[in-house]
Amino acid sequence: MSYLVLARKWRPETFADVVGQRHVVVTLEAAVTSDRLAHAYLFAGPRGVGKTTIARILAKALNCEQGPTPSPCGKCDACREISSGKSLDVIEIDGASNRRIEDARGIRETVQYAPLSGRTKIYIIDEAHMLTREAFNALLKTLEEPPPHVVFILATTEPNRIPDTILSRCQRFDFHRIATPEIEERLREIARSEEIEIDPAALRLVATRADGSMRDAESLLDQLISVGGGSIDVDSVVDVLGIPDSEIFFALSDAVADGDVAGTLKALEKALDAGFDPRDLIDGLLEHLRNLLIVRTAPDPERLVGRIEEYRSRDGSSSTLGEDDLIRLVHIATEAASNVRWSTQPGVLVEMALVRMARLPRTVAIDEIVRSFSGGASGTGTTEGRAGPRGRRMERSQPGAAPRTQTSAAAGRGKARAGRSHDVVAGRGEARPDGPAEPSWERVVSAVRSRKPGLAASLAESAARWGGDEELVVHIENGSPFHRDQLLDGNNMGILREAADEVLGRRVRIRLEFSSAAPRTKAEETGANEPVAEKRPVGGDPMVERIVEVFDGSVTETSDGE
């Protein structure tokens with residue numbers, strides 16, 4: 001059989017021909033030029049990215065009649081023998097089938113012999129991670145101190161399975177997946193040389209399908225040429241490679257965007273009836289959702305998405321999905337694609353994933369939610385929104401504005417209480433015309449809850465208002481002695497002040513105000529409430545109103561009979 005597949009016919013013969021591994025090529029060329037070659041190399045990376053190819057090129061660079069040279073001629077006997085795999089000085093060993101300790105001992109015995117015709121004897125061990133631990137141990141000494149005429153090159157797709165004792169004796173190179181545009185350009189060059197007419201969209205689809213492997217891309221192109229002859233278009237790529245039609249994925253994403261569970265399952269059933277595997281469908285849907293996101297966000301999606309025209313011209317429900325929605329859908333599809341690999345019921349997992357997608361509520365930006373609430377003012381006054389910390393919006397109360405009252409639920413209860421509010425409202429402390437924006441007390445309590453839920457429970461029956469001079473007055477209604485002790489604790493006051501500073505974006509003075517109906521705490525009865533700067537009665541019943549002022553961690557307690 002005289003035909004030579006494209007992957008072998010177009011295998012790079014020099015460092016200059018290598019695609020996508022410049023960091024490896026530059027280093028090896030410099031090492032050959034400066035005569036600073038290591039005695040052992042480890043080439044690690046995915047399949048089909050050039051590990052064995054570069055190992056052979058390095059062997060030619062060392063044994064070329066014009067070398068050692070970073071640019072082997074490719075015409076001398078040594079170069080031609082290495083390219084054809086017939087050189088007796090370049091020993092290629094399959095680690096999967098020569099993995100026993102006896103095989104390693106054989107290498108250790110033959111390594112002492114000088115090369116037959118070249119300058120250097122090169123051992124290329126492919127799939128080196130398949131060697132047994134005993135075989136690795138037998139190679140340790142030889143790998144660390146080989147004869148001066150020997151170079152070892154270990155190639156592996158799973159470097160994590162190589163023992164550390166071996167890794168420490170090798171100079172390691174990590175090979176990367178080849179970028180899709182680079183694969184596409186290489187395939188275009190091959191097609192031009194082979195006189196094959198191929199649609200650019202089809203070329204991009206093949207390059208994307210290769211998933212970073214040049215060998216896979218060349219094999220796919222070989223397969224397409226066998227079927228399509230001298231002309232290849234997108235439809236032939238879809239048919240030959242068994243790629244589900246894009247209409248299937250648009251139907252699925254449109255149904256998901258509409259929240260139509262029944263329509264989503266119907267589209268899936270249609271695809272399965274057409275003979276597509278559930279694993280291929282979820283993989284294709286994941287790529288489809290990714291393409292929708294890339295087209296919407298990337299500055300040059302043409303380089304990243306195949307069949308870009310379909311995504312730009314398509315006007316369906318899928319186009320209404322927001323970026324955050326697409327990210328959430330991609331997460332669900334990724335999880336499903338991972339799970340179906342090992343499932344005996346992949347179809348069920350795909351169905352459940354699509355149901356989750358269709359039932360997923362749409363995301364709404366926080367700014368939009370806040371804007372919907374702050375669009376109009378309550379009462380007779382007017383409000384003016386301004387940007388707060390982290391993009392939040394706050395309201396500014398104008399002089400004379402009526403207090404805005406909302407209902408809130410007490411902790412542990414679902415009953416609404418009219419006339420109570422966790423929002424800060426204008427109170428007896430008149431708001432200055434140029435005063436600070438009124439914060440939301442609910443957000444302060446929420447920030448406290450994220451730090452210490454028990455302390456937030458003590459604030460469940462609280463409301464707040466602005467006093468004068470950057471003072472925030474927090475009113476505690478009928479607080480229990482336990483809750484009052486919690487609030488009067490210096491550490492807890494620090495947490496409350498920190499939460500208020502975070503929400504408001506500045507430092508404020510906080511004053512706690514307790515209802516007259518609140519009983520005295522044990523600490524107050526014994527005078528042991530610390531830290532207390534001053535305690536003085538002022539006419540009438542000293543418990544008419546208890547006020548605690550907190551600022552910068554200090555606590556002062558006074559009584560006021562007014």
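In which sense do β2 and β3 pair, and over how many bridges? The two strands pair in the parallel sense over five bridges, where two strands are said to pair if DSSP finds at least two bridges between them. The legends below describe a predicted model, in which local features need pLDDT of at least 70 and side-chain atom pairs count only at pLDDT 80 or more, while totals for chains, interfaces and linings use all residues. Residues are numbered from 1 along each chain as its sequence is written, and side-chain values use heavy atoms, with hydrogens and water left out.

**View 1. The whole protein, with its helices, strands and surface.** The protein has 23 helices and 17 strands, which are DSSP runs numbered from the N terminus (helices: H or I, at least four residues; strands: E, at least two). Of its 562 residues, 45% count as buried, a word that stands for under 20% relative accessible area, with exposed over 50% and partly exposed in between (1.4 Å probe, protein chains only). The accessible surface comes to about 28,400 Å², and 49% of that surface belongs to carbon and sulfur atoms; such areas come from the Shrake-Rupley method with a 1.4 Å probe, and for residues only the protein chains shown count as cover. Among the contacts with a separation of 6 or more, 68% are between residues 24 or more positions apart, a contact being heavy atoms within 4.5 Å.

View 2. The strands follow the order β2-β3-β4-β1-β5, and their pairing is parallel. In general, strands of a sheet pair through backbone hydrogen bonds, either parallel or antiparallel. At the edges stand β2 (90-94) and β5, each with a single partner strand, so one side of each is left without a neighbour in the sheet. Neighbouring strands of this sheet are turned by 15 degrees against each other on average, direction ignored. Helix α2 (residues 22-34) packs on the sheet and touches β1 and β5, its direction making about 150 degrees with that of β5. Helix α5 (residues 101-110) lies across β2, β3 and β4 and runs at about 170 degrees to β3. For these angles, axes are lines fitted to C-alpha atoms, for helices over the stretch in contact, and the angles run from 0 to 180 degrees between N-to-C directions.

**View 3. Aromatic rings that pair.** Rings of Phe, Tyr and Trp (its six-membered ring) pair if their centres lie within 6.5 Å, and planes under 30 degrees apart count as stacked, over 60 as edge-to-face and the rest as tilted. By this rule the count comes to five aromatic pairs. Phenylalanine 43 and phenylalanine 175 form a tilted pair, with 5.2 Å from centre to centre and 55 degrees between the planes. Phenylalanine 43 lies in strand β1 (residues 40-44) and phenylalanine 175 in the loop between β5 (171-174) and α8 (180-193), so this pair ties together parts that are 132 residues apart in sequence. Both phenylalanine 43 and phenylalanine 175 are buried. Ring pairs also link Tyr41, Phe43, Phe173 and Phe175 into a cluster.

View 4. The ring centres of tyrosine 123 and phenylalanine 152 are 5.3 Å apart and the planes lie at 20 degrees, so the pair is stacked. Tyrosine 123 belongs to strand β3 (residues 121-126) and phenylalanine 152 to strand β4 (residues 150-156), 29 residues apart. Tyrosine 123 is buried at 3% relative accessibility, and phenylalanine 152 is buried with a relative accessible area of 1%. Tyrosine 123 is also the bridge partner, in β3, of isoleucine 91. Threonine 142, placed in helix α6 (residues 133-144), counts as buried at 9% relative accessibility; not counting residues up to four places away in sequence, threonine 142 touches Arg108, Val111 and Phe152.

**View 5. Helix α9 and what covers its buried residues.** Seven of the ten residues of helix α9 (residues 200-209) are buried, so the helix is largely enclosed by the rest of the structure. Among the buried residues of α9 are Ala201, Leu203, Leu205 and Val206, and their cover includes α8, β6 (197-198), α10 (214-228), β7 (231-232) and α11 (234-241). Aspartate 211, which follows α9, has a positive phi, near 55 degrees.

**View 6. Helices α16 and α17.** The axes of α16 (residues 323-339) and α17 (residues 346-359) come within 10 Å and cross at roughly 170 degrees. The two helices are therefore roughly antiparallel to each other, since angles under 35 degrees count as roughly parallel, over 145 as roughly antiparallel, 65 to 115 as roughly perpendicular and the rest as oblique.
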